[in-house]
Amino acid sequence: MNPKAVLVAVQLPHVSDTDHASDLDELGRLVRTLGFDVVATITQRRDALAAAAVLGEGKLKELAELTGGKGVVPSGAPEVKTKVRAKWAAASGGGDKHVADSEAADHEGGDGATDKATVVVVDHEITPSQARNLERATGAEVLDRTSVIVEIFHRHARSREARLQVEIARLNYVAPRMRESSGGKERQRGKGAGETAVELDRRKIRDRIAELREQLEAIHKEQENRRHARQDQLRVALVGYTNAGKSSLMRALTGSDVLVEDKLFATLDTTVRALQPETKPRILVSDTVGFIKKLPHDLIASFRSTLDEALEATLLLHVVDAVDPTHDAQIEVTRSVLREIGANAVPTKVVFNKADRIDEAARQALVRRHGAEGAIVLSAHDPKDVAELSRTIVSFFEASMVEEELVVPYAKQALLGEVYTNARVVGETYDESGTRLTVRALPGAIGRLRRSLEG
Ligand SMILES: Nc1nc2c(ncn2[C@@H]2O[C@H](COP(=O)(O)OP(=O)(O)OP(=O)(O)O)[C@@H](O)[C@H]2O)c(=O)[nH]1
Ligand SMILES: [Mg+2]
């Protein structure tokens with residue numbers, strides 16, 4: 001049996017009912033991705049979050065009935081650390097410690113009150129004292145949206161790079177919240193003058209972040225070299241909201257076996273594969289991390305290098321889940337993240353995916369609204385659609401390529417391989433100056449080849 005969670009949200013005056021509902025729906029999916037059953041949702045219309053514990057007194061009691069707490073914020077000394085915070089604090093101590101995937105199971109233990117929810121997830125950024133008060137009133141662990149996302153990233157991170165990035169984001173996220181973490185007082189007493197425990201913790205965290213950044217830097221150097229080697233190649237990147245079907249399209253377009261899951265943030269690493277059937281020169285397709293609204297800023301920053309892949313693409317396919325009723329909002333989120341990373345100048349084609357799950361009227365509505373911008377409506381599960389998308393990609397690159405003549409001197413025949421990788425050779429003759437090749441390639445690639453042939 002999965003541990004149980006209750007969602008909590010305040011509907012603020014400027015938020016419409018539909019936005020409120022879709023926010024909560026998405027939060028529910030995030031929480032389920034983390035392995036919880038969502039057993040209830042408590043919402044309240046208020047002008048602002050209650051300063052003490054997010055909800056007003058009455059609603060707080062209602063919530064506590066689901067979690068088995070008292071429903072009031074007790075006055076007096078604070079409680080013990082929660083598990084998640086304790087783990088974060090432990091992780092900041094050093095070592096590549098990672099919370100095992102069994103973390104969700106931890107919540108099951110404890111007092112054995114299995115019918116009660118053990119976690120309360122708040123759909124707002126809350127202060128540490130609001131979190132603590134809620135914990136004390138409910139007896140449950142309290143997470144906010146950001147910590148849920150950070151935790152999913154943490155679970156799904158596979159490569160060393162993604163693990164480092166998530167660890168940095170966790171530390172960045174936890175450090176500013178350390179001030180009120182309990183347990184500090186006692187340690188402080190034992191320490192004498194100078195640094196307080198909190199300052200010590202913060203310094204440790206900063207040192208650890210610096211250390212992690214160094215390791216990440218080394219990985220990035222390596223990647224940059226690899227990217228440099230690929231810079232003349234034809235590159236298309238799949239970007240878009242989480243769960244839109246980027247990896248599914250990646251699989252279909254490249255015949256690869258990247259992970260596809262009905263989970264949010266299934267993909268955290270960028271994978272690069274050649275478009276199938278292979279073209280000359282070949283076209284590389286990259287799959288990227290998905291976006292989500294209210295994505296914590298430091299998470300965007302830490303995944304920026306993963307997204308550099310998108311920045312360097314010649315073409316972006318912006319994949320949209322045509323079935324999701326909120327896809328317009330998802331398109332906006334994706335566009336704003338692309339702007340933020342500076343990828344908004346890259347030519348982009350919008351691809352409405354999962355067309356097998358919408359009816360003809362909905363399909364036509366999409367074409368009417370977005371067809372003029374060149375949007376495509378398709379299904380990653382339909383081989384015909386995928387073949388057509390593939391042809392669209394190929395013709396995009398064909399249109400960007402130019403045909404020119406290159407002379408490879410006999411002394412430089414070793415460069416022939418490079419020409420064949422980065423260009424399509426459509427004609428070949430020989431004379432006293434060397435091999436004369438008529439090639440088709442992107443103008444940048446031809447320029448670079450020319451320089452290395454003449455240099
Ligand atoms: N019916 C239908 N389902 C699809 C289609 N494309 C993807 N899906 C499903 O949608 C879910 C998400 O697909 P993914 O390809 O993992 O999505 P993603 O965009 O890579 O998601 P993240 O990596 O989590 O950001 C999976 O359950 C897929 O099977 C489609 O064309 N039709
Ligand atoms: Mg994916």
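Which strand holds R436? Select strand 13, residues 434-441, and R436 is there. Strands here are DSSP runs of E with at least two residues, while helices are runs of H or I with at least four, both numbered from the N terminus.

This is a predicted model, in which local features need pLDDT of at least 70, side-chain atom pairs count only at pLDDT 80 or more, and totals for chains, interfaces and linings use all residues. Residues are numbered from 1 along each chain as its sequence is written, and side-chain values use heavy atoms, without hydrogens and water.

**Stop 1: the whole protein.** Show everything as a cartoon. The protein has 17 helices and 13 strands. Of its 455 residues, 49% are buried, meaning under 20% relative accessible area with a 1.4 Å probe, protein chains only; exposed is over 50%, and partly exposed lies in between.

**Stop 2: R436.** Zoom in on this residue. R436 has a relative accessible area of 26%, so it counts as partly exposed.

**Stop 3: its surroundings.** Now select E405, L406, V407, G427, E428, T429 and D431. R436 touches each of these, leaving aside residues up to four places away in sequence. A contact means heavy atoms within 4.5 Å.

**Stop 4: E405.** E405 is 31 residues from R436 along the chain, yet their C-alpha atoms are 6.8 Å apart.

**Stop 5: D431.** Select D431 next. Its side chain makes a polar contact of 2.5 Å with that of R436.

Technical notes:
Chains lettered and ligands numbered in written order. Polar contact = N/O pair within 3.5 Å; in protein donor to acceptor, adjacent residues only side chain to side chain.
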